[in-house]
Amino acid sequence: MKILIVEDEPVSRRLLEATLLRWNYDVVTTTDGTEAWEVLQKPEAPSLVISDWMMPDMDGLELCHRIRESEKLGYTYLVMLTTKGRKEDVIKGLEAGADDYLTKPFDHEELRCRVKIGERIINLERKILQLANTDSLTGSLTRRAFMEKIEIEVERAIREDRPLSLVITDLDHFKNVNDRYGHQTGDLVLQKFAEQLCTLSRQYDFVGRYGGEEFAICFPGVDDPSVISIAERMRKQVADLRVVIMADSSCSIQITASFGAATLQREGKETLTSLIARADDALYKAKRKGRNRVCLAND
Ligand SMILES: [Mg+2]
């Protein structure tokens with residue numbers, strides 16, 4: 001667990017840092033609210049913050065307000081650690097959105113317990129979020145979670161002028177599988193299909209269940225023609241798959257899928273909506289051309 005320390009006073013900062021390091025936490029230190037706010041905007045930002053109140057520039061109270069107003073994904077747990085110990089200060093701090101309030105000088109055991117509480121809440125929140133974001137049948141992201149994630153990735157790719165590709169894939173004639181072999185086999189086919197897509201994805205790629213038998217895969221940092229060769233490998237792996245049917249284990253079925261790929265255009269006015277529309281068009285082109293193939297979107 002990563003903890004962000006916000007403290008302008010060097011001796012207090014070092015003491016707190018040494019204490020947290022001794023308890024095996026990863027620690028990031030900052031000297032005022034402005035610097036802390038910048039750290040919190042970065043990817044993989046700490047979820048637990050221990051902040052002083054009185055600091056130059058942006059103080060702890062203002063930092064607290066800012067954190068609560070931001071719509072960043074994931075909860076930030078904030079412990080206010082300050083010399084301001086009057087009842088009305090405590091109330092003011094908690095009202096600003098602090099989750100906990102401690103006065104300096106802090107008692108080591110008490111701080112340790114309170115940090116543990118924060119850690120527990122953050123882990124719980126992560127678990128709930130993971131459940132909400134995962135498609136229970138296939139283990140891939142839900143459509144909503146996929147859209148949230150790809151929106152961030154597209155913004156980043158545009159900002160940093162980096163490539164990004166999107167593939168939308170759809171099982172061919174899936175309705176026939178359900179009609180002929182029943183929904184249990186249909187579900188198994190979907191699981192195996194998603195499994196193949198995930199196996200061929202790299203660490204930074206992500207797969208989402210876009211519709212019933214339709215999946216979307218985002219490839220940050222990937223341009224065409226690389227995306228075509230990845231999609232082609234996926235297509236082949238799916239076509240080579242034999243899914244054993246539920247009613248008769250001696251019998252297996254073969255499936256195929258069509259793939260539409262689009263690469264983010266870095267000139268002009270590409271948006272997530274237009275990228276999806278182009279990948280969708282490419283998928284329909286693949287279907288029209290006879291299915292079980294990969295098509296790239298036109299620019
Ligand atoms: Mg201070």
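Analyst: Two strands pair if DSSP finds at least two bridges between them. Strands (E, at least two residues) and helices (H or I, at least four) are DSSP runs, numbered from the N terminus.

User: What makes E6 and E11 a pair?

Analyst: 7 bridges join strand E6 (164–171) to strand E11 (257–263). The definition asks for at least two, so they pair. They run antiparallel. Thr169 in E6 stands opposite Phe259 in E11.

User: What kind of model is this, and how are residues numbered?

Analyst: It is a predicted model: local features need pLDDT of at least 70, side-chain atom pairs count only at pLDDT 80 or more, and totals for chains, interfaces and linings use all residues. Residues are numbered from 1 along each chain as its sequence is written, and side-chain values use heavy atoms, without hydrogens and water.

User: Why are E7 and E12 called edge strands?

Analyst: The open sheet has 5 strands in the order E7-E8-E6-E11-E12, with mixed pairing. E7 (206–209) and E12 (294–296) each have a single partner strand, so one side of each lacks a neighbour in the sheet. Neighbouring strands of this sheet are turned by 20 degrees against each other on average, direction ignored. Such angles run from 0 to 180 degrees between N-to-C directions, with axes fitted to C-alpha atoms, for helices over the stretch in contact.

User: Which strands does E1 pair with?

Analyst: E1 (2–6) has 5 bridges to E2 (26–30) and 4 to E3 (48–51). Both counts meet the cut-off, so both are pairs. E1 runs parallel to E2 and parallel to E3. Ile5 stands opposite Thr29 in E2. Leu4 has Val49 in E3 as its bridge partner.

User: What makes the β-α-β unit right-handed?

Analyst: The unit is E1, helix H1 (10–22) and E2. Right-handed means that, with the strands pointing away from the viewer, the path from the first strand over the helix to the second runs clockwise.

User: How do you know whether Ser47 is buried or exposed?

Analyst: Its relative accessible area is 12%. Buried means under 20%, exposed over 50%, partly exposed in between (1.4 Å probe, protein chains only), so Ser47 is buried. Ser47 lies in the loop between H2 (33–41) and E3. In E1, 4 of the 5 residues are buried.

User: What does Ser47 touch?

Analyst: Its contacts (heavy atoms within 4.5 Å) include Lys2, Tyr75 and Arg126, not counting residues up to four places away in sequence.

User: Why is the link from Ser47 to Arg126 called a polar contact?

Analyst: Their side chains are joined at 2.9 Å. The definition takes N or O pairs within 3.5 Å; within protein, one atom must be able to donate a hydrogen and the other to accept it, and residues adjacent in sequence count only if both atoms are side-chain atoms. At 2.9 Å, the link is within that limit, so it qualifies.
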